[in-house]
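Here are my notes on the model you sent over. Have a look at the structure first, then go through the points below.

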Amino acid sequence: MNHSLTQLPSYQALASHFEEIKLHSMREMFAQDESRFSKFSVQLNGLLFDYSKNRINVATIDKLVALFDECDVPIWRDKMFSGEKINSTEDRAVQHTALRNLGDKNSALTKKQLAVLLLIEAFVEKVDRSNITDVVNIGIGGSHLGPMLVCDALREISKPNLNVHFVANVDAEEINRVLSKINPVNTLFIVTSKSFTTQETLTNAKTARNWLLKSENLKSENHFVAVTADVEKARKFGIAEDNIFPMWDEIGGRYSLWSAVGLSIALSLGVDAFKRLLSGAHAMDEHFINAPTDKNIPVLMALLDIWNQHFLAAATHAILPYDVRLAYFPAYLQQLVMESNGKSVDREGNALNVPSSPVVFGDVGTNAQHSFFQLLHQGTHNVSCDFIGVAKAAHDNQEQHDMLLANMIGQTQALMKGQTLQEVGDVDYAEHKVFLGNRISNTIFLNELNPYSLGMLVAMYEHKTFVQGVLLNINSFDQMGVELGKRLANDLLENIKDQSPGADLDSSTNGMIDFYKQNK
Ligand code: F6P
């Protein structure tokens, strides 16, 4: 059941296959095979996944499929969907998929979700009838990035008389900027925290409450609700019992936008849109369970990621949405991928001898073309890219939309083809104008961006991340790496507030504390 990746015959077969593949360029491969696009692309419900601009041939995919089987991914997938406790270090099941399988009569978690959806529905109606004009979601990480992504991406269909704001950072500048724009009388705060212990969220919630209570006659219970797995803590904080929306241990923070963590989404876009988001994600779940391995989009994405990272040394992965509506998607995926798979020991605690998560970064096209694309085209790093485009524009300026997507497609072509010295010709600085090409990209093209397609897109990356974790034999569902920094920051806080000289710490830490105290 558990494996060491490099010992597997299928992994070793990939290593020797790479020796052959590395002799061929993608330019050659496209020239020799006109059917490359149809061989290496999959479509699902209006979503196109084109992976033909990877350094692969049919044999590569066969060998990656063998790796998938040898790593027992189907067994782990069944375990996840059947609610086994695959998050071993936290002794928890991983059940975000049950939140969107609303027709499942057997899942206890789905039943709880249906009950919470009714609460959400009633609450949304109540807010719609009230004088609330501004909703502020206070939460960080998984309690922030998913709802912010969805609300921003789909703002075209949001209610015109309701503004949604997000406050995450402990930097008071962020909450001050929001508070300066809103009126306490018309504001609803959602304190979103699975654990209800997160420093940033509780501090911002207190700041918001103090601000609200400065207005006479306002009662915090009329303006604060909470979303949490620890109802008792929210109650102790002073949130009225009826205003607490539960979520559950089996829902990881970065997988939680489908739960009541999505309350801001339901308020902004309506409950129907929220349910369509869930059904899009469920459609991707079904695809992930049922599609054959070589036509299974999240599975292919994960297998290609291993191929690119382990054999082509692409330790960095760029997320490049060519649609401003998806501007928050790179940030969302940074948490999803790197908090899930940025690990250095396997499930048994053995040190990994292969790279785990790639470094994920990104920005919207075309802006990114004018900042870091230089490195993608001519730098010495090998970066794998996911381009994401939407065929239908949200506006009627077709001319600019054509330009946008011509840029996206053109970039994938340039990365793949490059430009030889011969093509550059006899010009000054000719060597500087050479592009080696052979640079890897996937393209994910949606027919349109709506709640359903966005649900599919997010769930697709969730399952990619899951498969990647299984292949690496790591637990993708804990995040112990965030704890040490939090603890040390808390220890230092006392020292920083104190006027006495720094304690006996390392010289750099002491030096910074002294600098801060002298200058604050
Ligand atoms: O610090 C990491 C983390 O635990 C994330 O995994 C989580 O999404 C975020 O903090 C917020 O946690 P909570 O929802 O419990 O406030």
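1. A word on classes before anything else: Ala, Val, Leu, Ile, Met, Phe, Trp, Tyr, Cys and Pro count as nonpolar, Asp, Glu, Lys and Arg as charged, and the others, Gly among them, as polar. On that basis, the shell around the ligand splits into nine polar, three charged and two nonpolar residues. Keep in mind that this is a predicted model.

2. Where does the ligand sit? You'll find the ligand in the largest pocket. It is surrounded by 14 residues, and the closest are Gly142, Ser143, Ser193, Ser195 and Thr198.

3. Now the serines. The side chain of Ser143 has an N or O atom 2.7 Å from an oxygen atom of the ligand. For Ser193, the distance from a side-chain N or O atom to a ligand oxygen is 2.6 Å. Ser195 also puts a polar side-chain atom 2.6 Å from an oxygen atom of the ligand. As for cover, the ligand on its own has 390 Å² of accessible area, and the protein covers 87% of that.

4. On to Val383, which belongs to strand E10, residues 383-390. Is Val383 buried or exposed? Its relative accessible area is 7%, and buried means under 20%, so Val383 counts as buried.

5. One more thing about Val383: which residue lies 66 residues from it in sequence but 5.6 Å away in space, C-alpha to C-alpha? That is His317.

Terms used
Residues numbered from 1 in each chain as written. Predicted model: local features only at pLDDT ≥ 70, side-chain atom pairs only at ≥ 80, totals over all residues. Heavy atoms only, no water. Near = heavy atom within 4 Å. Polar contact = N/O pair within 3.5 Å; in protein donor to acceptor, adjacent residues only side chain to side chain. Areas by Shrake-Rupley, 256 points an atom, 1.4 Å probe, with all protein chains shown as cover. 1 Å grid on protein atoms, 1.4 Å probe; cavity = no way out; pocket = protein on both sides within 12 Å on 5 of 7 lines; lining within 4 Å. Sits in = over half its atoms within 2 Å of the grid points. Helix = DSSP H or I, 4+ residues; strand = E, 2+ residues; numbered from the N terminus. Buried < 20%, exposed > 50% of the residue type's maximum accessible area, 1.4 Å probe, protein only.
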